[in-house]
Each structure stands twice: as structure tokens, then as C-alpha cells.
Amino acid sequence: MNRQEAVTLLRKKGYKMTGKREDILSFFEKADGYRTAKDLITHLEANYPGISFDTIYRNLHLYHDLGILETTELGGEKHFRMNCAHHHHHHFICKDCGKTKEIDICPMEEVEQLLAAYSIEGHKFEIYGRCPGCMLAQT
């Protein structure tokens, strides 16, 4: 999803497009991978001194509920990124910098065979590790 698609969805659902909401969308559109609420508040503080974590989390959860942002958990903390559901794929996620790489294979065909008697309602497949840039930085 890009910023304009997100703005259109927000308006269609009856939400006002404020400067803060626009800036949050721009932040995630430009981000290369998953980012935390703390990353976002640090980014926004220059233009919105005193912005609260309540405002940040309220908007992050709204965007997640509407399918604008997707989430994962890294190091016990929730991380967010712009939803990239244009086609079915999964991600490698760098535990250090949060960058992602698309993985175009899906293990669900095999899993569905193993769970034939179960009703599967959805899935998420993520691989965690370190990207080449972070591995180089460690040496």
C-alpha cells in the first residue's frame, strides 16, 4: 500500500486526514522495513513538540485495523510497516535494522496437508536474522 491508497481508505472510512496522520503515512512509506512507535515519535517530535505516545499508538492501531500497516514483534516490541499485500508473499526480517526482503514462496500447501482436519483462517510466515549490511557492521 502507498500513502495515497492509505489516504483514500481513511477518507472512505470517514476519518479526517490531519497533518499528523499524513506525516505518519509519509514516515512509513519512506521507511525501509519495520519501525517502532519510538522511531515514529522521534521523527514527529520536530514538527509536533510534545506529541504523546497515546496519539502515536491510537493512529498506529487505527492504521493496523484498517490494513494500512502490518505488524511483527522483534525483541519483545511491536514493529510496524506499510502493508505490502499487492501479492501473496512472506518476509525475511533483519532483527537489527528492521529491513525486510520479500520471499515469494509459501509453505502453506504442505501445512494444509498436515492439518487437513483443521480449519485454517490465515497465516503469517516470517524468517528472522541479520541482513548483509548488519552482518558486515558486526565484523
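Predicted model: local features only at pLDDT ≥ 70, side-chain atom pairs only at ≥ 80, totals over all residues.
Residues are numbered from 1 along each chain as its sequence is written, and side-chain values use heavy atoms, without hydrogens and water.

Helices (DSSP H or I, at least four residues) and strands (E, at least two) are numbered from the N terminus. Helix α2 comprises 12 residues (19–30), which at 1.5 Å a residue should span 16 Å, in agreement with the 16 Å between its end C-alpha atoms; the expected span is 1.5 Å times one less than the number of residues. Arg 21, Ile 24, Leu 25, Ser 26, Phe 27 and Phe 28 of α2 are buried (under 20% relative accessible area, 1.4 Å probe, protein chains only). The buried residues of α2 pack against elements including α1 (3–12), α4 (53–65) and β2 (69–74), with contact meaning heavy atoms within 4.5 Å.

Four of the five residues of strand β4 (90–94) are buried. Strands count as paired if DSSP finds at least two bridges between them. β4 pairs with β5 (100–103) in the antiparallel sense over four bridges, and His 90 has Ile 103 as its bridge partner. Five residues lie between these strands in the hairpin, where Gly 98 takes a positive phi near 85 degrees. β4 runs parallel to β6 (126–129), joined by four bridges; Ile 93 is partnered there by Tyr 128.

Terms used: Buried < 20%, exposed > 50% of the residue type's maximum accessible area, 1.4 Å probe, protein only.
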